[in-house]
Amino acid sequence: MTLVLREEAHQPGVRLLILNRPEQHNALSKPLLLEFDRALSDAGTDPAVRCLVVTGAGEHAFSAGADIREQTGFTPEDAYAHMRWGQQLFDRLARFTKPTVAAVNGYALGGGLELALACDFRTASDAAQLGLPEVTLASLPGWGGTQRLAGLIGASAAKLVAMTGSRLDAQQGLRLGMVNAVFPAAEHLARALDLAGAIATHAIESLEAIKQVIDEGLEQRWDEALDAEARAVARLWGTPAQKRAQAAFFERRTRTPAAGNKRK
C-alpha cells in the first residue's frame with residue numbers, strides 16, 4: 001500500500017494521509033498519486049473529515065519528488081501529458097474544499113515540494129530540506145511549482161529557488177514564507193496534528209467559506225472580492241452551526257464577570 005490513511009482519535013475531524021514508500025524516499029509514483037486522488041475524493045465526501053494532513057512515512061523524506069524511473073523514455077508529447085496530469089491532480093488538492101496541512105518531515109524536493117505547495121498550510125520539521133532541483137536535470141518544475149511558489153514568495157525569490165536548484169533548510173523556508181511553522185523533528189507530526197485539530201474544532205461551513213473567499217479573491221477585482229466576502233457571511237448567517245456558536249459566545253460572556261466588576 002503506497003498510501004496509508006489514519007484517523008486521529010485525539011484530534012476529531014482530522015484525517016492523516018501518509019505517503020508510504022519510505023525505501024524510495026516517498027517518491028511520487030503514478031500508483032501512489034492515483035491512490036492519493038481517490039483518498040482526496042473520499043475525504044471530500046466524508047462529513048467526519050474537517051481537516052486533512054499529509055506527511056511522509058519514515059524519518060527522512062516527505063517526498064523526494066516524482067519517480068524519475070517512470071519518465072524514462074518519455075517523448076516530448078509524453079512529458080507534456082504527464083505534466084498536465086500531475087497539474088490537474090494538484091489543482092484538485094489546491095481546490096479541495098476542506099483545509100489541508102502538509103507536515104513536511106524531511107526532504108520535500110521537486111514534485112514533493114509541489115504537493116506541499118498545493119496545501120493550505122505547511123509545517124516543517126527542523127530537519128526538513130526544501131527545493132526544486134529540476135534545473136539540474138535541464139528541466140523545470142512541471143506540476144504547478146513555478147506558479148504556486150511565485151504566488152507564495154514572489155517571482156524573484158521563486159526564480160532564485162528554481163534556477164539554482166539549491167536546497168533550503170526549514171528556517172530559510174520559514175523566512176521566505178514557504179512554511180508556516182517549524183517544529184523539532186521529534187514532535188513535528190504531533191504539533192502539525194495539533195494545528196489541524198485546532199482548525200477542525202470550527203464549523204466546516206465556515207472553514208470552507210473562508211478558504212473559498214480567500215482563494216477566489218486573489219483572482220478577483222477588489223469590489224468583487226468584498227462582495228463575495230459579504231455574500232459568504234450572509235450564507236452562513238442563521239445556519240444551525242452559526243446559531244450554536246453565537247449562543248455559546250453569549251453564554252460564555254454571561255458566565256464571565258466583566259473585568260471592572262471584579263472584587264479587589
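In this predicted model, the largest pocket is lined by 30 residues, among which Ala94, Asp120, Lys211, Asp215 and Leu218 lie nearest its centre. Two or more lining residues are given to the largest pocket by each of helix H2 (76–94), strand E7 (121–125), H4 and helix H8 (204–217), and H8 gives the most, with eight residues. The space in the largest pocket amounts to about 1,100 Å³, and its lining comprises, by class, 14 nonpolar, 10 charged and six polar residues.

For the second largest pocket, a volume of about 530 Å³ was computed, and the lining consists of 24 residues, of which Ala66, Ile68, Gln71, Glu134 and Leu137 lie nearest the centre. The elements that give two or more residues to the lining of this second largest pocket are H2 and helix H3 (111–117), with the largest share, five residues, coming from H2. By class, the lining of the second largest pocket is made up of 12 nonpolar, nine polar and three charged residues.

Helix H5 (residues 155–164) has Ala158, Val161 and Ala162 as buried residues. Because these residues cover an arc of only 90° around the axis, they are placed on the same side of H5. The exposed residues Ser156, Leu160 and Met163 are carried by the face of H5 that is turned away from its buried side, whereas the cover over the buried residues of H5 includes helix H4 (145–153) and strand E9 (168–169). After H5 comes glycine 165, for which phi is positive, near 70°.

Definitions and conventions:
Residues are numbered from 1 along each chain as its sequence is written. This is a predicted model: local features need pLDDT of at least 70, side-chain atom pairs count only at pLDDT 80 or more; totals for chains, interfaces and linings use all residues. Side-chain values use heavy atoms; hydrogens and water are left out. Buried means under 20% relative accessible area, exposed over 50%, partly exposed in between (1.4 Å probe, protein chains only). Helices (H or I, at least four residues) and strands (E, at least two) are DSSP runs, numbered from the N terminus. The arc is that of the directions from the helix axis to the C-beta atoms. Contact means heavy atoms within 4.5 Å. On a 1 Å grid over the protein atoms alone, a cavity is a set of points where a 1.4 Å probe fits but cannot get out, and a pocket is an open set with protein on both sides within 12 Å along at least five of seven lines; lining residues have an atom within 4 Å of a point. Grid points are joined across faces, edges and corners, and a volume is the space filled by probe spheres set on the points. Ala, Val, Leu, Ile, Met, Phe, Trp, Tyr, Cys and Pro count as nonpolar, Asp, Glu, Lys and Arg as charged, and the others, Gly among them, as polar.
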